[in-house]
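Visitor: I have a model open and would like to go through it with you. Could you start with the terms and then take my questions as they come?

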Amino acid sequence: SQSSSTAHTTTRRGPATGSGKWTLMARNDFEIVDEKPIGLGQFGTVFRARRRRDGRATALKLILRRGQSGADTIEAERRGATLQQEFQMRHGMVPEVFEFGPDRDEDFFIAMELVEGPSLEERLRDGPLAYDEAVAHARWVCDFLHAAHAFSPIVDGRQFRLLHNDL
């Protein structure tokens, strides 16, 4: 759903506009609740956010057009969000994408389900997993890969196959 927007701004260190403020999200349907990112990727930054209409905790990925994220990156992120929505509807197994699109500054956002808990990497810092738990994780990964390899939706009139380069 699109709505009229007001900028959510915050003071940032580093490159800033002349006012000393940096626009993080030029929309008002989501509120960033912690300025410290919960994830950093090649093209975007993920923040803990809250969906204003119902207070639901949300992972908000922002892909800024300035810098390295040009039109091709934005289009790839849009397509990825569409594929993730479709995969989630058919199989589950991935966070639900609530909405995505450009904000009024022509940056791009993806608002999705926030999955709480430690990563597998964090769990392994405490030592190896118990055998049964390790087997359960391995089986889940195999089930996911089976679903991903069979997934071939048509998006924007083109058939897509998933490539998992960051598994």
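Guide: Helices (H or I, at least four residues) and strands (E, at least two) are DSSP runs, numbered from the N terminus. This is a predicted model, in which local features need pLDDT of at least 70 and side-chain atom pairs count only at pLDDT 80 or more, while totals for chains, interfaces and linings use all residues. Residues are numbered from 1 along each chain as its sequence is written, and side-chain values use heavy atoms, with hydrogens and water left out.

Visitor: Where is the place of R51?

Guide: R51 belongs to strand β5, which covers residues 45-51.

Visitor: And is R51 buried or exposed?

Guide: R51 is buried, with a relative accessible area of 7%; buried means under 20% relative accessible area, exposed over 50%, and partly exposed in between, using a 1.4 Å probe and protein chains only.

Visitor: What does the side chain of R51 make a polar contact with?

Guide: The partner is the side chain of D54, at 2.7 Å. A polar contact is a pair of N or O atoms within 3.5 Å; within protein, one must be able to donate a hydrogen and the other to accept it, and residues adjacent in sequence count only if both atoms are side-chain atoms.

Visitor: Which ring does the charged end of R51 sit over?

Guide: The charged end of R51 sits over the ring of F98, 4.4 Å from its centre, where the criterion is that NZ of Lys or CZ of Arg is within 6 Å of the ring centre and within 35 degrees of the ring normal. Leaving aside neighbours within four places in sequence, R51 is in contact (heavy atoms within 4.5 Å) with D29, F30, R56, T58 and F98.

Visitor: Switching to aromatics, how many aromatic pairs does a search of the whole structure find?

Guide: The search finds five aromatic pairs; rings of Phe, Tyr and Trp (its six-membered ring) pair if their centres lie within 6.5 Å, with planes under 30 degrees apart counted as stacked, over 60 as edge-to-face and the rest as tilted. The rings of F30 and F109 have centres 6.1 Å apart and planes at 50°, so this pair is tilted. Because F30 lies in strand β3 (residues 30-32) and F109 in strand β8 (residues 108-113), the pair ties together parts that are 79 residues apart in sequence. F30 is buried at 1% relative accessible area, and F109 is buried at 0%. F100 and F108 form a tilted aromatic pair, 6.3 Å centre to centre with 45° between the planes. Ring pairs also link F87, W140, F144 and F151 into a cluster.

Visitor: Why is β8 largely enclosed by the rest of the structure?

Guide: Five of the six residues of β8 are buried, so the rest of the structure largely encloses this strand. Strand β6 (residues 57-63) pairs with β8 in the antiparallel sense over six bridges, two strands being paired if DSSP finds at least two bridges between them, and L60 stands opposite A111 in β8. β7 and β8 also run antiparallel, joined by five bridges, with I110 in β8 as the bridge partner of F100.

Visitor: Which residue in the turn of the β7 and β8 hairpin has a positive phi?

Guide: That is E106, with a phi of about 70°, in a hairpin that has five residues between its strands. Most residues other than glycine have a negative phi. M93, which is not a glycine, also has a positive phi of about 70°; M93 is in the loop between α1 (71-91) and β7 (97-102) and is partly exposed at 29% relative accessible area.
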